[in-house]
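Please consult the sequence and structure shown below while reading.

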Amino acid sequence: MRLHGRDEEITHIDRLVRRAREGRSEALILRGEAGIGKTALLERAVDTAAGEGMQVLRGTGIETESGMPYAGLHLLLRKHLDRIGALPDGQAGALRAALSMGTAEGSGDRFLVGLAVLTLLADLAEERPLLCVVDDVQWLDPESAGALLFAVRRLEAEPLAVLLAARDQDGPGTNGPENGGAENTAEFAAPGVPELRLRGLDQDAAASLLAERAAELPRYEVTEILVAASGNPLALVELPTVRSSGSPSAPSSTFNRIQRSFAERIAGLPAATRTLLLIAAADDVGDLAVILRAAERLGGSVADLEPAERRGLLASSEGRLEFRHPLIRTAASAGEPLSARLAAHRALADAYRELGDPCHHAWHLSSAVTGPDESVARVLEDAAELDRNAGGYAGVTAMYERAAALSPDPAQRGRRLAAAARAAVDGDLPEKAIALAERAAADLADPVDRADLVLIRASLADEADRGKEAYRLLYDSGVAVAEAAPMTAGFLFFKAASAAANTGDIEALREAADHAEGLGLPNAYLVRAIATMFIGQDPLAEHETAEGASALRVLLADTGPCVGIRDVLNTAWWQLLFGDIEGAYEAAEDLARRCRDQGAIGLLSLVLPLLARTGLILGRYGEALTAATEGMRIAEDTGRHRLRIYNATVLALLAAIQGDERRCEELTAEALRRGLPPSGAHAAGALSLLDLGLGRHEAALARLSDIVAGPGRQGAIASLPDLVEAAIRAGDPESARDAAGRYQEWAAQIRRPWAEAVALRCAALVADDPGKAYARAVEVHREDGTIPFERARTELLYGEWLRRSRRRNDARTHLHSALDLFERLGAVPWAERARTELRAAGESIAAGDVKGQSGGGSGPLAALTPQELQVVRLAATGLSNRDIGAQLFLSPRTIGYHLYKAFPKLGVASRAELARLDLAAA
């Protein structure tokens with residue numbers, strides 16, 4: 001296939017195909033207006049790949065089916081659905097549920113579907129290099145697009161190339177009002193995937209293409225067509241046909257000229273052939289048997305295909321009908337009257353019913369009516385429940401929403417929209433769930449019925465950083481249902497207080513608790529407890545620290561048996577607030593294991609921030625680095641930006657400890673800009689710790705003072721010890737004593753040895769004679785043994801004081817202990833401070849290399865990336881690459897690639913040798 005003026009694009013695509021043959025994954029999106037040559041480039045890539053022995057998977061986004069969940073994915077994978085059974089169980093169940101093929105209830109996690117797509121593509125590519133092409137991806141249903149992009153972003157070491165073509169949002173042919181469609185300005189978004197934008201052909205290339213296709217044209221017509229086409233290749237091919245037909249002058253739009261060319265070609269076909277084309281255009285599957293069965297109901301037959309094939313409009317291959325260009329599909333539908341389009345959908349509905357496909361039957365039946373129809377709405381609802389039994393939440397959502405649109409009765413419409421919203425929550429479709437819940441609320445008159453919808457809207461708004469909106473929704477709903485459903489009202493006030501805590505709004509916390517008690521709600525004590533707990537976390541709260549600790553004990557005692565992952569996770573976060581770092585870490589570690597076993601990547605994104613934070617506090621820097629890095633990646637994929645920012649602050653604190661100023665500033669920038677509690681305080685705390693470690697005490701004091709006094713001070717209690725040290729060194733003893741007193745009050749309430757030791761250190765810093773406090777602090781640290789960085793800081797400060805008190809021998813003991821801990825943790829500036837003090841204490845000590853690396857590990861383990869460390873640890877337990885991939889949401893081949901890179905770093909040659917390594921040391 002010769003393509004004029006596309007040498008650069010062809011070189012780019014050929015390189016992508018070649019790299020896939022060599023075992024290196026790559027993806028590319030071609031963008032451009034209709035007719036600009038995207039489809040032609042895809043066709044050439046397919047021919048090239050097939051000619052070199054590669055497998056090819058082809059798919060197309062179909063505008064009429066863009067609302068049918070996973071329709072595009074079914075089309076892409078149709079030839080390989082028999083391979084689903086070879087996938088890991090969770091992935092197989094999720095993909096079957098998505099494609100309405102299974103009966104595994106509750107398995108339709110959309111991210112697990114994406115992982116299943118990744119594994120299936122990787123399996124195919126393992127047998128023979130694979131090219132996957134999808135045209136008109138802007139018309140893919142969102143679920144298929146999400147699953148495909150999830151897989152594409154995880155390609156690393158597979159012999160697999162993915163080539164996608166997307167029409168410009170502002171180019172012609174985007175189904176805008178000028179083209180007879182609804183306004184649609186949403187561009188196909190694929191952040192992180194490289195793209196290549198196609199422009200019109202230059203004058204020479206355009207003239208060559210036109211001469212090749214229409215050499216007999218007079219010169220004046222050649223000039224007119226070149227001007228009218230504006231370098232659009234399809235226009236250059238089709239406009240001569242428009243002129244030769246003798247039709248009136250073409251419209252001004254290039255797109256309309258092309259569309260008209262196809263429409264006129266279709267209009268010249270026999271009526272039966274046009275009907276068959278219309279049926280094919282209305283169907284998303286393209287199964288020839290289904291299309292012919294539907295055509296027979298309208299008097300058509302297979303013989304009616306021949307005229308369309310002869311004119312090059314479509315082709316049949318391997319039991320499928322395919323249009324030569326996506327615009328032909330549009331023209332085949334747009335050129336027919338509404339009555340014919342409705343008849344086509346009715347015929348398809350009947351065909352799918354006869355073939356035992358209730359979902360496609362219901363979908364086409366709903367497209368065959370022009371207004372509300374309760375009988376069709378019931379058919380959709382029945383199909384939705386069948387899909388629910390298979391775990392296909394996206395399909396349940398779509399069918400309930402369509403059923404609601406066809407419901408004549410507002411109450412039924414509201415009920416069905418509410419069902420759609422709940423299914424969207426189960427399917428982890430937050431934006432969809434919020435929109436559906438808002439629409440449902442307008443049709444539900446009973447406040448108690450609306451309360452469930454409020455919970456959906458508020459919970460998702462809270463996760464999307466709209467905590468004030470969530471608070472007001474929940475508070476108002478609690479007031480509305482208090483008389484009819486007091487327990488429900490109490491729960492709504494409890495959730496309202498939680499939302500207020502996420503925004504750091506102390507007054508809202510008090511308001512929720514006061515009103516719940518004023519209404520006499522039976523569970524108002526829990527609202528008061530959660531409000532008091534968070535108020536007690538405020539470093540400026542007067543005389544409320546003790547009440548906060550007591551309230552936290554009430555909440556921990558009143559949670560009852562926690563079974564669900566979210567319930568256990570909430571309790572674990574409360575444990576962290578209560579200073580039980582080890583308990584929270586163990587809970588997070590267990591929850592992460594459960595999420596990986598279940599393939600629940602959406603829930604894992606909620607767990608990893610806690611695992612990262614607690615791992616960091618406990619000095620398990622390798623695990624903190626790994627969890628936070630993975631957490632940022634998953635949060636980005638799942639659209640949970642607040643979690644991504646929180647994970648970034650964990651990495652920022654790690655960078656601060658290690659003295660990496662540039663990385664610390666990069667990781668804190670967004671959190672500081674957005675000011676989200678507690679990430680804003682954690683980010684500022686990380687920068688303050690960096691300043692402290694680098695000896696910039698005045699800068700640290702200024703920043704810490706702003707944190708503690710600022711509106712986003714939630715989480716600032718953890719920075720009070722830093723404020724004490726910064727204030728003392730900056731010559732502000734009053735601020736130091738105030739901060740030390742507040743921290744001591746908090747530590748006394750949570751009753752944790754590590755907090756007691758840090759409080760003693762703070763007391764020593766502000767004391768006239770600190771020796772006993774320092775000695776006791778070191779003793780408690782050593783007995784506790786949980787937080788090595790804080791112990792090292794205490795020993796460093798004690799050693800500095802001893803050295804200044806001319807007790808050099810005693811000082812060296814503690815300074816050596818501090819240096820050893822700092823080196824093992826990779827705390828570069830802090831280790832240098834310890835060395836400087838040892839030299840001042842009369843010991844000759846050279847500047848040494850800090851043992852810890854990015855994750856605080858030592859030896860060969862320090863050379864591993866976070867991903868390699870994860871893979872190596874799991875491989876050491878005996879898991880296969882396939883099992884490891886299922887846990888880390890990567891393909892088996894990528895796991896093998898990471899092991900291939902890790903083995904030389906570790907000095908091992910096989911998985912068996914991993915057992916001799918102390919992998920926990922990282």
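This is a predicted model: local features need pLDDT of at least 70, side-chain atom pairs count only at pLDDT 80 or more; totals for chains, interfaces and linings use all residues.

The side chain of Glu127 meets that of Arg83 in a salt bridge, with an N to O distance of 2.6 Å. Arg83 lies in the loop between helix 3 (71–77) and helix 4 (89–98), whereas Glu127 belongs to helix 5 (residues 110–127), so the pair ties together parts that are 44 residues apart in sequence. Arg83 has a relative accessibility of 23% and therefore counts as partly exposed.

## Arg31 and Glu195

A salt bridge also joins the side chains of Arg31 and Glu195, at 2.8 Å from N to O. This pair links distant parts of the chain: Arg31 is in strand 1 (residues 26–32) and Glu195 in strand 5 (residues 195–197), 164 residues apart.

Arg31, at 3% relative accessibility, counts as buried, because buried means under 20%. Glu195, at 42%, counts as partly exposed.

## Arg19 and Glu26

The side chains of Arg19 and Glu26 form a salt bridge with an N to O distance of 2.6 Å. Arg19 counts as partly exposed, its relative accessibility being 25%.

The structure holds 72 salt bridges. Through shared partners, salt bridges join Asp722, Glu725, Arg729, Arg761, Glu790, Arg793, Glu800 and Arg833 into one network.

Notes
Residues are numbered from 1 along each chain as its sequence is written. Side-chain values use heavy atoms; hydrogens and water are left out. A salt bridge is a side-chain nitrogen of Lys or Arg within 4 Å of a carboxyl oxygen of Asp or Glu. Buried means under 20% relative accessible area, exposed over 50%, partly exposed in between (1.4 Å probe, protein chains only). Helices (H or I, at least four residues) and strands (E, at least two) are DSSP runs, numbered from the N terminus.
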